[in-house]
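Here is my note, for you to read alongside the coordinates. Please check each point against the view as you go.

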Amino acid sequence: MTKKRKRQEDFQKVKFKVGKKKPKLENATDTTFKTKAIQIPEQLKEDGVLPTQNRKLNIKDLLSQMHHYSPGVKHNALLGLKELLSQYPFVIDAHLSSIISEVAAVFTDKDSSVRGAAVHLLQFLASKIRAEQIAPFFPLVSAHLSSAMTHISEGIQEDSLKVLDILLEAYPALLTDRSIILLKNFVELISHQQLSKRLKSRDKLSWMLSVNPNRRVTSQQWRLNVLTRLKKFLQAVVDGSSETEDEGLQEQKDNSHSVRNPVCISWKLHANNQQPIQLFENGGLRPKINSSFRLRSLTSVMDSAEKGLSSAENLKGFIEIIIPLLIECWIEASPAQSAPILGNLLESESQQLMQQVLSIIHLLWKLTKRHDETYKMELWLRMNYLVDFKHHFMRHFPYSLQDTVKHKKKDPCKSNRNCMKSSNNIDHLLLNLTLCDIMVSLASASTLQTDSGWLDMIRKFVTDTLQDGSKLNSKQVNRLLGVTWRLMQIQQNKVATEPLIKAVYTLYQQRNLLFPVRTLLLKFFSRVYQKEDLRTQRIRSRSKVLSRWLAGLPQQLALLGLRNPELSNQLIDIIHSAASRSNKELLQSLQATAARIYDPLEGTLVLLPAEAQRRLVQLVYFLPCLPASLLACLSRCCIMGRMSSELAATLIGILHMRSSFAGWKCQVQDNSVNDVDYFSFLFSTLIGFSREELTSLQGIRGKPHISQTQLSPIRLYLTDLDQFLHHWAVTEVICHSLSTIPSQSQCFDILQTGICKYLVGLVVIPDSTAGSVLCAINKLLDQACIISENLHRFLASCCYSLLYFLLTIDREDAEHLQKRDMLWRSCISALALLPRLLRLMLQSLQVSRICREELPVVAQLLRLLMQHGQLRSHMITNEFLVQQIIKDIMTLKSGEVQEQWLTDLHYCFNIYLASHPQTPGPINSVY
């Protein structure tokens, strides 16, 4: 075989048949693949579905034009953005990131019109975007703002303040989180660092005010603009702090965590083990931890830059930089040192600048008190800045502004009114008060002799301002009282504090004071009283002015009424606090005014809301004496329904504790409630109607107010459901109080005498009164009690009238149906306890005197009485009377078709009574 032949055998060609599929190669690559659908978000859809504005440009077109080189195109794009977002607000959420980044980027644009349009657009967006939405993008906004504030162009710097105003108003918390960077920017806007060789050798470089002649405004006006924003920024930092201030009297802010909610305890639930008593380790809003160890704060793991002004080091560093600059601004704006008068005259712009300087220092002082080592911080501030402040601030104190040169000839020592004048909406008094606030914070009791000179100036200014302060607003009064409180803490002897308290009381006596002003004055006096009361009896020296103020509070409460419920609540709280401390002057005044406060028609008690009523009811416990006239007023308050039944129960319980039946082992109060007056109160409240009201009811006739039957001399006056339920709830409390009196038989005799004297003989009696009398009888009755015949007949008439009313109530009358269970129980209990009562009621059922329509009601009543288990034995005893009544009914119905109700009556008699024969049964002869 040749070589060629062998090669052909090794590489033979495979022949494929026609119509057969070609087999896959061993090294073939699999090219198959699978696909899945992709959901496209809203912002990735085609441009045709995006909303457009009037120029047919959508959001993408407008944002792309923000990068154009032409200022006109960018200006039109910003205007178009505002127009588009105004028409389609939902676009903001879909493109928030792009909108924020593009708008923030033009904060530093060279063209002023573009920056102005950006400011207007940012103002619009701030009202549409919530803080939590913009929070992820706020670092970018803050970076662009810092770039604009530190820009070399004066116009960009000026517009950056407008951006800052918007962000401070809309997102103060987000802006203050980056306080360190922004505070440095504020400093660089009005100053520059000194770069001389002498100062470079120091560790810290000094700053000095800068002057730029290229600005459109004067240097003083520019500093005023910057310091105004700095003050707003520091105010946002102070407001964002979680801790509350403990300085002077501060304005109340809407903070749910700072409101102390009263704890209402239901002792009934505790007594029945239905509600556990929870004990707390510490009282008050903040627990006091008695430990030398402290947990590390979460902010301690952050570096000083992230802490901001919450770090003591950062705060000290900023104070060291800004205070010298503020003093330089003050020197430029302050009057000449050679001013010949005490009240130095200021121009409007200078006064504004000085006010901002002091406001910034005051806010920084507040921030220093947020740190743990407040005492060390105060010492550091005093050591570094007291000398400069005395030299520059107090040298021309107090400051004032006069509009005309003519006023300069007046002696400002004669009157302090110049300090309270206002021109161009400038608060001149606030300037002096802010200065006083700053200075007194640097003084203490230990430095009193050293600081006596300028402290006397401040004390005289405060006293004069308070005595002539009829036109002060709440902000000024708040500062005044804060300074006054601090002065009283520095020098606590009566010689120094009494003139200050007297000056405040002079302002308090002014008429037509604004409500916030009156509130601040009340809080001040309350705080002074509590502070004075905490002193030991040995060193306590009661202020006469304070005692006079306390004695006038009850009269003010009575005169105020419902005109200002908020102010009334504050008065009640103060009165309650002083009464619980047994303040003699206040208790005497409260006793004299009690009749007006607790008047049932126009008294403060019935006019105020429920919570205030509760506090006024509690004051009854502290009254030195409870005469009969006052108890009569309190009884009317309980039964008139102008306070809740729960509150009426509280009042009755308080009076019981003041009575001689409370079970005290020792005499708690000298003038307790007289026993006769106490029983009169209980009886009057039990009846629920006054003598005049009962007399007026005697003339009412017919339905729907009267329920009348021919078998009872008593007609029932049907009370409203609300009045009935209130009276019934009060009745249960009265019955409980009566049952706690030791001698039940004597108590029953007193009740019997009252019923016979005031109720027996009346023709019309309210249904609630009849039920209440039966309820009290059931509660007090025992074997030793002897009931008179008159009371027996009266109660029998009441029982039948009530039972007749209950059996004739229409099913559609939902209001009276709710009375059924309570009245039925009272009647059945009385009939079960008093067999003679049941016999008298059965004897009164003389069916020959009634009309035929009332016969089914009598038959139904007899059937129910026979069926009732508690009355069955009594009904068996009175079987003869029942037989006679049934016989009389059959006599009247003789010759007529026997109705179902009569058949039912016969059946019940045979079942319940005929099976217990005591006499020959004539009942069979009836059939």
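This is a predicted model: local features need pLDDT of at least 70, side-chain atom pairs count only at pLDDT 80 or more; totals for chains, interfaces and linings use all residues.

The points below take a sheet, a helix pair, a single helix and a single residue in turn.

1. Sheet order. The sheet is open and has three strands, ordered β7-β8-β9. Its pairing is mixed. The edge positions belong to β7 (706-707) and β9 (764-766). Each of these has a single partner strand, so one side of each lacks a neighbour in the sheet.

2. The β8 and β9 pair. In which sense do β8 and β9 pair? The sense is parallel, and three bridges join β9 to β8, residues 715-717. Within this pairing, Ile-765 of β9 has Leu-716 opposite.

3. Helices on the sheet. Two helices deserve a look here. Helix α35, residues 767-780, lies across β8 and β9. Its direction is at about 75° to β9. Helix α36, residues 789-807, also packs on the sheet and touches β7, β8 and β9. The angle between α36 and β8 is about 65°.

4. The α19 and α20 crossing. Helix α19 covers residues 428-440, and helix α20 covers residues 452-467. Their axes come within 11 Å and cross at roughly 140°. The crossing is left-handed.

5. The α19 and α20 contacts. Which residues of α19 meet α20? They are Leu-429, Asn-432, Leu-433, Cys-436, Met-439 and Val-440. On the α20 side, the residues met are Trp-454, Leu-455, Ile-458, Phe-461 and Thr-465.

6. Helix α42. This helix has 14 residues, 879-892. From its first C-alpha to its last it reaches 20 Å, close to the 20 Å expected. Its buried residues are Glu-879, Leu-881, Val-882, Gln-883, Ile-885, Ile-886, Ile-889 and Met-890. What covers them includes α39 (835-843), α40 (855-867), α41 (872-877) and α43 (900-912).

7. Tyr-678. This residue sits in helix α31, residues 675-687. Is Tyr-678 buried or exposed? Its relative accessibility is 1%, so Tyr-678 counts as buried, the cut-off being under 20%. Leaving aside residues up to four places away in sequence, Tyr-678 touches Leu-631, Leu-655, His-656, Ser-659, Phe-661, Val-673 and Ser-737. Ala-632 is 46 residues from Tyr-678 along the chain, and their C-alpha atoms are 9.8 Å apart.

Conventions: Residues are numbered from 1 along each chain as its sequence is written. Side-chain values use heavy atoms; hydrogens and water are left out. Two strands pair if DSSP finds at least two bridges between them. Helices (H or I, at least four residues) and strands (E, at least two) are DSSP runs, numbered from the N terminus. Contact means heavy atoms within 4.5 Å. Axes are lines fitted to C-alpha atoms, for helices over the stretch in contact, and angles run from 0 to 180 degrees between N-to-C directions. The expected span of a helix is 1.5 Å times one less than its number of residues. Buried means under 20% relative accessible area, exposed over 50%, partly exposed in between (1.4 Å probe, protein chains only). A crossing is left-handed if the near helix is turned anticlockwise from the far one by less than a right angle, and right-handed if clockwise.
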